[in-house]
Amino acid sequence: MPTPVTYGTYKLSRLISVEAIVSADYIFGTHVARNPHVHKEAWEFLFCIDNVMNVMDGETNVTLKKGEAYFVRPGTVHDVLVDSDDSRIFVVSFTCSGGNLLEPLEGRIISMRSEEQLICEQMRLELEEAFVKNPGNLHLYTFEPSETSPFGSEQLICCFMEQLIILLLRDLARQGSPVPKTSEIQNLIQDYFITRVNTYIASNFDKPLDVKTIAEQFHYSRTRFSTLYKKLTGKGVSEAISEIRINCAKELLQRGDTSVGSIAEQCGFSSMQYFSHKFSATVGMSPTEYAARHKERIHTEKLPEEK
């Protein structure tokens, strides 16, 4: 009898994950800079395919020649100027997880190798196939998926951008530029994950919210999500939700202008009874007692001033 082979499972890490496209533009010829803009959360990638282009990045003006690229970080006012009829420019704005890893590319004129230029061309062609274009060239500022979009186009667009970023970071590493180590990258990914999850909880704690709902929001199984969150924070997801809700309830109780029943509802508790039970177990007193003690403490602190 042959000995059964035991296979291990290794979860592949995704250091950078492109999540959304904000705009895509393929510019031929003259383009007048007249509308400086800012993407709050999106990076912008600019690639000069032919001739010359100028990028206004905040207070800095940068000239890109044929085969050169540039990244503008989120939150930066920027614009593009092209004053030649022979110029060709490709611009893509996108959001991604692991965005901190792009910082070595920011504000740097990047010479694109032929392999990287080919990826840009593949991405441009995929964008043209995936979405309904405005009349003329590729100018996507709103997105309507095309009925004739080839299978998997949107995923390929993400893959092309991710591949491009990774190759450019590798180029920098070969040139001796500082690129985060693998351990540092992993920490950045974990910090980013926890920040996004906690932000989501803080923005939705007043709604029906459970581990399954949040796990689905971040494309994890319930078990995997719970295990990862516990490992990174030392607390369970339900505990984190409850903590935010209790803190909200404390603030409302201290103001003293809202009933306990209304506070339970505003803070996302399913009933006043459950709210009272959870609050008492966490704080050590009922919501009514907490409000009364806070009012008494405030009154006591004011007494010396009244004398």
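Mentor: Two strands pair if DSSP finds at least two bridges between them; strands (E, at least two residues) and helices (H or I, at least four) are DSSP runs, numbered from the N terminus. This is a predicted model, in which local features need pLDDT of at least 70 and side-chain atom pairs pLDDT 80 or more, while totals for chains, interfaces and linings use all residues. Residues are numbered from 1 along each chain as its sequence is written, and side-chain values use heavy atoms, without hydrogens and water.

Trainee: In what order do the three strands of the open sheet lie?

Mentor: The order is β4-β3-β6, with antiparallel pairing. At the edges are β4 (60-65) and β6 (78-81), each pairing on one side only.

Trainee: How many bridges join β3 to β4?

Mentor: Six bridges join β3, residues 52-57, to β4. Within this pair, V55 stands opposite V62, and N54 faces T63 of β4.

Trainee: And what do β3 and β4 form?

Mentor: They form a hairpin with two residues between the strands. In the turn, G58 has a positive phi of about 65 degrees.

Trainee: Changing topic, at what angle do α6 and α8 pack?

Mentor: Helix α6 (residues 237-255) packs against helix α8 (residues 272-283) at about 95 degrees, and their axes are 11 Å apart. Axes are lines fitted to C-alpha atoms, for helices over the stretch in contact, with angles from 0 to 180 degrees between N-to-C directions.

Trainee: Which residues of α6 and α8 meet there?

Mentor: From α6, S242, I246, A249, K250 and L253 take part. They meet F275, K278, F279, T282 and V283 of α8, in contact (heavy atoms within 4.5 Å).
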